[in-house]
Amino acid sequence: MPTRPPVLRAAAVAAAFAAAAAAGVVPASAAGASPRPARDVDADVRFAGELARQGLWREAIARWERALADRPDDAKLLNNVAVAAEALGDFAKAREAYARAATISNDRKIRANFDLFLRAHPDPAASPAEGK
């Protein structure tokens, strides 16, 4: 059986590798092809909502935070992160996310969530000192 010259073999291997990358079998960067299209942020957000409904707060917050990398001023995402952080007991993170969301948006639901949080978890730094 005749063999191909090395240059043709390399070209055939590169073409096969690129086809595999396009099919998602190997990473596009490994095949030397252009990077894959950006992930579907909306799909990540929807999936995070499903995770939250199942009580999988850590997984949900990770997805919402990843979405925030693409949409840093999305008040609804920040509100979702705040709710998840509160559910996980990370009140400092929840306070920060609620405050940022309320600053960005005038949405009544976001403001109501923040107000409820503040009533349930008053800022210890704002409390008057004991014994004065």
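A crossing of two helices is called left-handed if the near helix is turned anticlockwise from the far one by less than a right angle, and right-handed if it is turned clockwise. By that definition the crossing of α6 and α7 is left-handed.

The structure is a predicted model, in which local features need pLDDT of at least 70 and side-chain atom pairs count only at pLDDT 80 or more, while totals for chains, interfaces and linings use all residues. Residues are numbered from 1 along each chain as its sequence is written, and side-chain values use heavy atoms, with hydrogens and water left out.

**Overall make-up**

The secondary structure comes to 7 helices and 0 strands, where helices (H or I, at least four residues) and strands (E, at least two) are DSSP runs numbered from the N terminus. Along the sequence this gives the pattern α-α-α-α-α-α-α. Of the 132 residues of the protein, 26% count as buried, a word that stands for under 20% relative accessible area, with exposed over 50% and partly exposed in between (1.4 Å probe, protein chains only). Among contacts (heavy atoms within 4.5 Å) between residues at least 6 apart in sequence, 34% join residues at least 24 apart.

**The nonpolar core**

A nonpolar core is a set of buried Ala, Val, Leu, Ile, Met, Phe, Trp, Tyr and Cys residues joined through side-chain atoms within 4.5 Å. The largest one here has 24 residues, and those with the most contacts inside it are Ala60, Trp64, Val81 and Tyr98. At least two residues of this core are supplied by each of α3 (41-53), α4 (57-70), α5 (75-87), α6 (91-104) and α7 (108-120), and the largest share, 7 residues, comes from α5. Not counting residues up to four places away in sequence, Val81 touches Ile61, Trp64, Glu65, Leu68, Lys93 and Ala97.

**How the helices pack**

Two packed helices are described by the angle between their axes and the distance between the axes. Axes are lines fitted to C-alpha atoms, for helices over the stretch in contact, and angles run from 0 to 180 degrees between N-to-C directions.

| Helix pair | Axis distance | Angle |
|---|---|---|
| α3 and α4 | within 8 Å | roughly 160° |
| α5 and α7 | within 10 Å | roughly 25° |
| α6 and α7 | 9 Å | about 145° |

Angles under 35 degrees count as roughly parallel, over 145 as roughly antiparallel, 65 to 115 as roughly perpendicular and the rest as oblique. The axes of α3 and α4 cross at roughly 160°, which makes α3 roughly antiparallel to α4. The crossing of α3 and α4 is left-handed, and by class their contact has 10 nonpolar, 1 polar and 5 charged residues. In this classification Ala, Val, Leu, Ile, Met, Phe, Trp, Tyr, Cys and Pro count as nonpolar, Asp, Glu, Lys and Arg as charged, and the others, Gly among them, as polar.

The helices α5 and α7, by their angle, are therefore roughly parallel to each other, and the crossing of α5 and α7 is left-handed. Their contact is made by Ala75, Lys76, Asn79, Val83 and Glu86 of α5 and Ile110, Asn113 and Phe117 of α7.

Between α6 and α7, Phe91, Ala94, Arg95, Tyr98, Ala99, Ala101 and Ala102 in α6 meet Ile110, Arg111, Asn113, Phe114, Phe117 and Leu118 in α7, a contact with 10 nonpolar, 1 polar and 2 charged residues.

Ser105 lies in the loop between α6 and α7. Leaving aside its neighbours within four places in sequence, Ser105 is in contact with Ala75 and Ile110, and Ser105 and Lys76, although 29 residues apart in sequence, are 8.6 Å apart in space, C-alpha to C-alpha.
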